[in-house]
Amino acid sequence: MAKDAPALAHFAKLVRRYREQAGFETARDFYEALGGKEKMGVGFKAYANVERGLSVPQPALVERLVAAFRLAHSPERSREFAMAYLRVLLGFDEMLEFAVQVLTTEGAVKTRAPSDGKAPKLTPEQKAALEDGGGEILMDHPTLLRAKESELRAYLPYLAQCVAAAELCAGSEDAKDAGVFAVEVALTHLLSY
């Protein structure tokens, strides 16, 4: 991997800023809250080197950071983070510009909404299903467990990222099995003991 010092320094600064915005004053606090080596996949020194701009993180660590920083909820922050990481990996602006151009050309990205901006017409059955909050449940997977709240809170970004990833399936294409779906997740604290 290319090690462009200014690009690496910029990426490290971004990681530190997002960590602080997530409420963690130190790299050690963040690392431990996310589960340490077991969950992060790297030792503390390796993570700290990323924050110091001394090493390029592997994609698996970047994926964990994306989830921890809840980037799926902010297109602006997602883009900023992805561009900074690509700049570190690619090493020079011309290649970065080429990659961005190829990835964002028309037709390469699936449209998520009807191009005319109009809502689809619903049948009486569809209206009734929406009015009831009803519909056919395709999957229901509850789990009851005893756990530390702090550990479950650290897991929340992963849950949010999974739900947000369902948006990749959104589209306006007419298909035999197309429909309107609700994808939701809930973590409920039932009682303390």
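Select Leu-138, Met-139, Phe-181 and Val-183 to begin: together these residues make a nonpolar surface patch of about 500 Å². A patch consists of residues with over 30% relative accessible area and no salt bridge, nonpolar side chains (Val, Leu, Ile, Met, Phe, Trp, Tyr) being joined within 5 Å and like charges within 9 Å. A salt bridge places a side-chain nitrogen of Lys or Arg within 4 Å of a carboxyl oxygen of Asp or Glu. Accessible areas follow the Shrake-Rupley method with a 1.4 Å probe.

The model is predicted: local features need pLDDT of at least 70, side-chain atom pairs count only at pLDDT 80 or more, and totals for chains, interfaces and linings use all residues. Residues are numbered from 1 along each chain as its sequence is written, and side-chain values use heavy atoms, with hydrogens and water left out.

Val-183 is exposed, at a relative accessible area of 53%; exposed means over 50%, buried under 20%, and partly exposed in between (1.4 Å probe, protein chains only).

Now move to helix H5, residues 59-68, and display its buried residues: Leu-61, Val-62, Leu-65, Ala-67 and Ala-68. Helices (H or I, at least four residues) and strands (E, at least two) are DSSP runs, numbered from the N terminus. The cover over the buried residues of H5 includes helix H1 (5-21), helix H2 (27-33) and helix H9 (149-165). After H5, select Arg-70, whose phi is positive, near 55 degrees.

Finally, show the whole protein chain, which has nine helices and zero strands. Of its 193 residues, 22% count as buried.

Technical notes:
Contact = heavy atoms within 4.5 Å.
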